[in-house]
Amino acid sequence: MKNKKLRTLRRLLFVFLLITIHCSLFTVFSCGYHMIGSTHLPFRSITIKQVQNRTYEPRLEEKMHIALSKEFINEGIEVRAAGGDVVLEATVITFQLGAIAAVDDKIKEQSILLRVDLKLNDQGRVTEFRSMESPIKITYQAAGSVTESVAFKDRAIDKACSEIAKEMVSRIILTYAK
């Protein structure tokens, strides 16, 4: 009796799973809707010019270039040193540290504000994104030794660059999807 109930339960679960998959696929592919992604972008490669750093914080240009390259590669866009279908210019315009938490006049946690201007040149069609920053607040622990604090700060800067790159690529995809 238990085996029969167990088989019936398994069959119902299998049918439910098939119906769920069928409904999901029907929803995604019906009515002319389609998923927006890099396959809909009119370019397959990009040249990222040397990032300009207008702040006093060293190596931001390297970190921003790496973050942009990684994000475009993640979207299936080839990053070329020269000769890409489109050209991207980026300038780091703001880098600020702010104290978030302090105990006995010692800073325990800091935030990073990083702003970047971007210009995308697609065969004469120029699209600018001004003062882009991370959509989430980036913080790090400033407590501990100097070495630890610097390591936390570097990781937070990498995270801020990565978030800005993701936001920028998302905006480019939305610009071309319109």
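Predicted model: local features only at pLDDT ≥ 70, side-chain atom pairs only at ≥ 80, totals over all residues.

Reader: Which elements does the protein have, and in what order do they run?

Author: The protein has three helices and seven strands. From the N terminus, the order is α-β-β-α-β-β-β-β-β-α.

Reader: Why does Lys63 count as buried?

Author: Buried means under 20% relative accessible area. Lys63 has 11% relative accessibility, so Lys63 counts as buried. Its place is in helix α2, residues 60-74.

Reader: What is Lys63 in contact with, leaving aside neighbours within four places in sequence?

Author: Lys63 is in contact with Asp154, Ile157, Asp158 and Cys161. What makes these contacts is the cut-off: heavy atoms within 4.5 Å.

Reader: Why is Ala151 called partly exposed?

Author: The label partly exposed lies between two cut-offs, under 20% for buried and over 50% for exposed. Ala151 has 29% relative accessibility, therefore Ala151 counts as partly exposed. Ala151 is found in helix α3, residues 146-177.

Reader: What separates the C-alpha atoms of Ala151 and Tyr140?

Author: A distance of 9.6 Å. Along the chain, Ala151 and Tyr140 are eleven residues apart.

Reader: And for the protein, how many of the residues are buried, in percent?

Author: Buried residues make up 33% of the 178 residues. The protein exposes about 12000 Å². Carbon and sulfur atoms supply 56% of that area.

Key:
Residues numbered from 1 in each chain as written. Heavy atoms only, no water. Helix = DSSP H or I, 4+ residues; strand = E, 2+ residues; numbered from the N terminus. Buried < 20%, exposed > 50% of the residue type's maximum accessible area, 1.4 Å probe, protein only. Areas by Shrake-Rupley, 256 points an atom, 1.4 Å probe, with all protein chains shown as cover.
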